[in-house]
Structures are given as structure tokens and as C-alpha cells.
Amino acid sequence: MTQLVPRASVVDTLRVTGSVIAPTVAKGVIARRPAVVAVEERMDADHRAGRLLTELRGRYGHGPLLLSIPGRDFALILHPDHVRRVLTGSPDPFQVASLEKRAALRHFQPHGVLITRGPERTELRRRNEAALDTGHTHDHADVFIGKIRDEAGDLLRRVARTGVLSWDDFRRTWWRVVRRIVLGDAARDDSITTDLLTRLRMDANWAFAHPNRPRVERAFASRLHRYAVRADPEALASPEVQSQMPQWLFAYEPAGMAAFRALALLASHPEQASRAREDAGDLPFLRACVQESLRLWPTTPAILRDTTEETEWDGRVLPKGSGVLIFTPFLGRDRENLPYADTFTPDLWLDGRPQHDWAAVPFSAGPAQCPGRDLVLLTTAQFLAALLERHDYRQRDGKRLDPPEPLPGTLSPFRLSFDAVPAARPVSTRSR
């Protein structure tokens, strides 16, 4: 008789639901709810979830651990080797377009590559990679860098008047950068389009439980269509990729959160800030800082898959049609296996350790890896470089980062702000 992978008891399933699944859903998987994130920051919710999953791994083994949720079985991934298997085995037998993902993303990107399957997915993935120049420095990189530095300069002029860099000011400028890169310069101040997207993303947080808003969806799609047909030659938008543009806008917002948290890390680690200020070329160290920010505080807290066939795990079986859950805040901060779990260690990303151990996958990995990875790292690193060129930052508000104390498991970007002061050794120019 075939044995199933270990199944959690009812009590343990309820514990995982209360400490892992419910907080993840509550803070907003698609669009963050700042008030909930603030509560979870005070509770250090992700560290609490990690302690529970460590306990369960010690009791049930390395997993996967099957959770019997009403109407759905979920396999909880507890070991990096299994992360590797799931991600390298996507989209078959580990389907990217999971049931929950389709329910959420239908609200604002019903034809996006993340929720399509078969030949349609293959074609959409090809278009994404071509538009984003996946794996390369984008053909428009110099143009994009000019836009980034232009907007960062405008932000710094405002900061010079107050001496303070807040999340609200950072976010406002970040969205201007994103709209110029994705939609074109004409969209710089078009907050209506991105506000419509935010409204739809807030609906998407509820997945199955919220009805679609056809009028809002049509208004958003119509505005994107106007930018696509204009086809600004120095932007990503075009008619061929209009169905993918919502995903690019959506993915770029949490990238801004990662960059702002990276600034908090650099503000609390002056020696690393000095290294960042001296970074040159394609800014490998600043890219590493952003990836480290994403390891410490993932902007994609849950990677979901569905099994398209029965799979075997160490002689035990996971049934076809099971959901698969990779809880990234646990695996990237696994205190049992990662000596650097709770420390700011950007050199990880320069020596390749995460690629080897599969504990941290900020852009996913394998065939379904985020095709915008290179462009996101270019944008975030260049934006941070511009901010750091002539300024040092000292944390003013928000959860304190006090090395060598372990870094908190949850850090809200919404509550962070910094005092900006002239740098002791400003960098006048950077090679690109």
C-alpha cells in the first residue's frame, strides 16, 4: 500500500494556519495592508512562524508536510533540497498557475503568464523575456538609468529642504520611475493608472472571496492600452505585451520596498554603506544589498504550485492536485541551517552561496524564475546609488536595526524614515 507524505495532526494544522497562513493572508499577499504589517512587525510574526516550522520539521522530518485544509491539501516545503525540486520541476509536474494564484491575479491580469498554462504560457513567457531582455543588460539600460537618476535627483532636492527621507516621498518617486520605465515618460504623473491597479490588487488579496470589478478593470485596461499603442520606444510598453504590463507594474512596487529596506540596512551598517558608495560599473554590491534585503524580508512570502501528477518523496507519495507552499521567510532565515540567518550578509550574493543552497530564492528560480530579475536589480541598485552618492542616512523612525543584535523577522517599510546628512566622502561620478 502506497504511503502518503507525512500529514500534520489537526492541532498542528491549526497552528500552521494561525501562525503562517493567516498572517500571510492578513497582511496582503498581492498588496500590503500597512496597518496589519505594523501589527505583525510588533509581534515579529515571521520569526514566530519560523520557530513553529522548525519544531514541526524536527517532529515530522524534512517533509513535505501535508496540511489538510478544508477543501484542499497543501504540502508545506521544509527543506532547501525540496525547494530545488519544486522550482526546477516547474511548470510540470509543479504547475505555476496554482488555483489560489489564478483566483487572485484574475482581478487585474487575467491573461498574465503567471496564470496561463501549456502553449499559451510558453508564448507569453517568450514575449516577457524578449521585452525585459532577460539574462542581459537591457538594450535601454542607459535610458532607464537616466530616468532613474533624474527622479532620484528630484527626490533629493525635496529631501534637502526637510532633511528627512520618508516612505511616502520615496514611494511617490519610485512610482514615477516605474511608470516612466514601463509605460513611458508621458505616464510620469499618471497616478490614476497605478491607483486603479492598487485598487484591483487590494481586491486580489481576497482571491475567491471578492467579486471582480468589471468597470474598474476596463478603466485600467483602457489606460494601459493607450500607452501600449503609443509604444514609446524608450519604455517597455507595446501592443505585443499589453497583457503582461500589469504584472510588471505590480512586481515593481515591492521592489521599491526591498530598496527602502536595503537603505535601512545600509544606514545601520556604516562600513557596508561605504562599500555601497564606492560601487561602480553595474553596481554588483548594491545589487547584492537588494537581494539580501529580499532574503531577510521577502516581498513574495509564499511561492505556490499545484501538482499535475502524483510525485514521490523519499518513498512516499504526494497526490496529484495537491497545493505546494514554500514559505520564503522561514527558509531564507532558517536558523538551524544558515549561520548568516539573521545578519546582513550581502557578500552571499557575490560568492554564490544562495544559488548553491536554495534556501533563499528572492526571484524564484528554475524555468519559472522572474524574467524581470535583471531589470529590477538594475533599477533598485541605480536608485540607491543616486541616493547614496552625496548623502548618509540615519534611521529616524520605524523598527530599530541594532547590529550585532539579530535582525527582526518582520520589518515594515511604511514606518521607516531617515535623516539625510551630507556624506563625509561623496562620490562625484560613477562609471556605468
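**View 1. Strands β4 and β10 run antiparallel in this predicted model.** The two are joined by 3 bridges. Strand β10 covers residues 417-422. Which residue of β10 is the bridge partner of Val 164? The partner is Asp 419. Ser 166 also has a counterpart in β10, standing opposite Ser 417.

**View 2. Strand β9 pairs with β10 in the antiparallel sense.** How many bridges does this pairing run over? The pairing of β9 and β10 counts 6 bridges. Asp 392 gives one place to look: Val 421 of β10 stands opposite.

**View 3. Three strands form an open sheet.** The order is β4-β10-β9. Pairing is antiparallel. Which strands lie at the edges? They are β4, residues 164-166, and β9, residues 391-397. Each edge strand pairs on one side only. From one strand to the next, the twist averages 30°.

**View 4. Helix α11 packs on the sheet.** The helix spans residues 245-267. Which strands does α11 touch? Its contacts include β4, β9 and β10. The direction of α11 makes about 60° with that of β10.

Terms used
Residues numbered from 1 in each chain as written. Predicted model: local features only at pLDDT ≥ 70, side-chain atom pairs only at ≥ 80, totals over all residues. Heavy atoms only, no water. Pairing = 2+ DSSP bridges. Helix = DSSP H or I, 4+ residues; strand = E, 2+ residues; numbered from the N terminus. Axes fitted to C-alpha atoms, helices over the stretch in contact; angles between N-to-C directions. Contact = heavy atoms within 4.5 Å.
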